[in-house]
Amino acid sequence: MTVLMMFAACYGVWQLTMLASATRTVRLPLLVLGVVAGLYGAGMLALGLQLVYTRGMAALTGDPLPEIVRTASYTVDPLIEELAKVAPFALLALLHRKVRAQWGLTDFLLLGAAGGAGFGLVEQLLRHADEAAAVTGGGPFEGWSRMQGFSFVQIWGLPDLVTSWLPTPVSYLDAFSTEAPSPDISLHLVWSALAGLGLGLLIRGSAPQRLAGVALLLFPWLDHAAYNHEVADPDGAGIINAFATPLAFLRHALWLYPLLALAAATFLDRRTLLAAKRAWPDTLTAPERAGRPALAALGGHAFAGLPWTPYFTWTYALTRRAALFSHDRVAPDDPMRQAVAQATTALDATRTAQAWRGTGLRRRDGATPRRGIKPWLPLIVWAALLIPAVLYFLPGSLPTFSGVQGLLAEPWVFPLVLVFSVAGLAWLGWQLYATGRRLRPLLAAPAADAAVRAELRLLTGFGSISAAIGSLVLGLAAGGPDQPILTSHILDAISQTLFLASLLLAMLAMVWFPPLGLAALAGGGFQLVLTAAAADFLATLAGAGALAILAAMMSGNGSGGRGDDYWEEKYGQDDPPPRQERISDANKAELEDSGWLKNRLKEPQQRRDFMKWLEQGHKQGEAHEHLRPGSPEAEAKLAEFLAEML
């Protein structure tokens with residue numbers, strides 16, 4: 001059940017993402033992290049603010065808490081939730097100039113939709129993840145349902161989801177309706193998509209567009225409040241009730257809201273990109289300068305060297321858009337612009353099938369596979385700590401194996417679950433510390449993508465830890481794993497979930513903080529990570545290594561040529577700098593102590609870790625290829641190292 005609920009939340013984001021392919025710069029992995037940030041970050045932020053407000057008002061006024069909660073559900077709570085869903089992306093934009101410059105309006109809309117999908121998902125998981133024993137149905141293709149009063153709680157099957165537009169994870173169906181049931185549209189996703197576009201207009205738009213942005217931020221709150229008012233106080237009076245009827249009528253066209261918003265964002269982004277291409281002609285490929293449309297020109301590059309070139313060309317296209325969006329906000333010598341211009345030249349040099357002949361995966365740095373169990377201990381510990389959460393939410397959410405959820409709540413098993421949870425909290429805290437230490441060089445990269453991924457992971461981790469600690473405190477006070485963690489309504493979903501479900505949902509966030517061993521397991525000693533492969537392949541093919549710099553930038557490092565001064569001082573301007581050189585271990589200090597590496601990795605321990613990573617599989621004294629500071633190959637290897645660390 002929970003897998004289908006998670007799929008439904010991500011599927012709606014994917015649908016919008018595919019429609020936005022002409023102007024977006026954000027990648028699907030970042031949008032998935034946006035869903036997770038909505039689940040753990042926005043969800044926990046909204047819950048905390050609602051707890052503070054309702055408890056505070058009860059203490060100040062002396063009114064009954066249930067009455068305050070009911071009133072807040074259609075007044076303050078919708079405002080808190082709508083702001084919380086876009087808060088992570090607003091914070092990123094406020095903190096980072098590169099985010100404000102490189103994200104287009106389409107990107108803000110998609111990230112808003114992702115945050116809303118995650119927020120809606122956490123509400124549904126908290127309400128229904130522990131109901132596997134009570135549902136009936138045929139399985140993942142037919143879905144499951146449960147009678148609740150005079151309505152059905154419906155968890156949709158896979159065919160219903162994939163044929164629906166922006167489907168919600170769970171629907172509530174009238175038991176007496178004669179209409180054929182179908183998945184509802186995800187309200188939170190639609191509201192947050194509009195708010196995301198509003199945020200983008202406030203950050204990137206002109207004065208009239210900023211006014212439209214304010215309206216797009218206010219409309220979801222008003223519609224959300226009116227919707228909740230119909231449920232909590234349908235016969236009441238007041239300002240919100242006056243808007244309820246017209247907003248309910250407009251909600252019949254809810255499916256159209258994100259399409260209109262996406263059309264507007266695409267139109268404005270296309271206009272920005274066309275202006276940028278006129279201002280920066282050196283970022284256009286040769287076919288584009290000859291008059292061919294971008295789609296046709298890049299399509300020719302994409303099929304030049306199958307199977308590698310489609311991914312590389314798509315990465316280039318997204319990166320170039322990010323640079324073009326910033327054309328009126330940065331200086332002409334901006335490193336991002338320079339790197340994209342160099343990458344464009346390199347791409348033109350490799351647009352024939354002849355240039356790609358013989359390309360294939362090869363060993364990385366001559367490394368041999370690591371032997372023994374010690375290198376895999378972090379991966380083993382990580383997987384072991386996830387066992388209770390995985391059992392609860394995967395097999396345990398199926399009616400056939402619903403006994404697993406009850407088993408984990410048994411008095412003789414639950415203490416062990418608590419031990420795993422506390423150990424998981426400690427592990428997650430250590431991962432947060434490690435991610436924070438690696439953040440500085442990512443922030444220095446010309447492209448914002450890698451730093452944003454790291455910061456969303458940090459937000460996810462902090463939200464998960466807060467949720468786990470809160471669940472432990474409130475759940476143990478409530479009296480056991482099968483008790484609701486709150487005795488009165490605050491966020492409706494949290495009042496219905498059990499302590500065990502809330503705790504394990506918080507611990508499931510560990511999935512997004514895999515240990516280093518997982519990267520090694522996925523790679524198996526080979527270059528299976530396509531970004532790293534692009535750095536090596538295209539550095540060789542393009543001669544100057546410009547696309548290696550581009551791939552390094554997208555992995556979280558690179559400078560667009562900041563190593564040039566080093567080479568001019570060391571070798572002179574007339575001599576081409578060597579890319580690699582065979583030397584012995586005695587000369588490795590040059591790389592570790594170089595100003596180039598110290599500028600990229602501020603912490604001495606990070607530099608030592610990088611050197612150890614390079615030396616994996618080498619014997620002491622054995623001659624091997626050694627990276628020269630500041631070279632494109634060094635940039636690419638450092639980017640690959642940082643990508644694995646994430």
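Reply: In this predicted model, Leu166 is a buried residue with a relative accessible area of 0%. That value counts as buried because the cut-off is under 20%. Leu166 sits in the loop that runs between α7 (158–162) and β4 (170–174). Its phi is near 50°, a positive value in a residue other than glycine. Most residues other than glycine have a negative phi.

Now the aromatic side chains. The model has 7 aromatic pairs, counted by ring centres that lie within 6.5 Å. One of them joins Tyr11 and Trp14, whose ring centres are 5.8 Å apart with the planes at 15°, so this pair is stacked. The cut-off behind that label is planes under 30 degrees apart. Both Tyr11 and Trp14 belong to helix α1 (residues 2–19), where they are 3 residues apart, about one turn of the helix. Their burial is as follows: Tyr11 has 13% relative accessibility and counts as buried, while Trp14, at 38%, counts as partly exposed.

Another aromatic pair is made by Tyr392 and Phe393. Here the distance is 5.1 Å centre to centre and the angle between the planes is 65°, which makes the pair edge-to-face. Tyr392 is buried, with a relative accessible area of 2%, and Phe393 is also buried, at 2% relative accessibility.

Definitions and conventions: Residues numbered from 1 in each chain as written. Predicted model: local features only at pLDDT ≥ 70, side-chain atom pairs only at ≥ 80, totals over all residues. Heavy atoms only, no water. Helix = DSSP H or I, 4+ residues; strand = E, 2+ residues; numbered from the N terminus. Buried < 20%, exposed > 50% of the residue type's maximum accessible area, 1.4 Å probe, protein only. Phe/Tyr/Trp six-rings, centres within 6.5 Å; stacked < 30°, edge-to-face > 60°.
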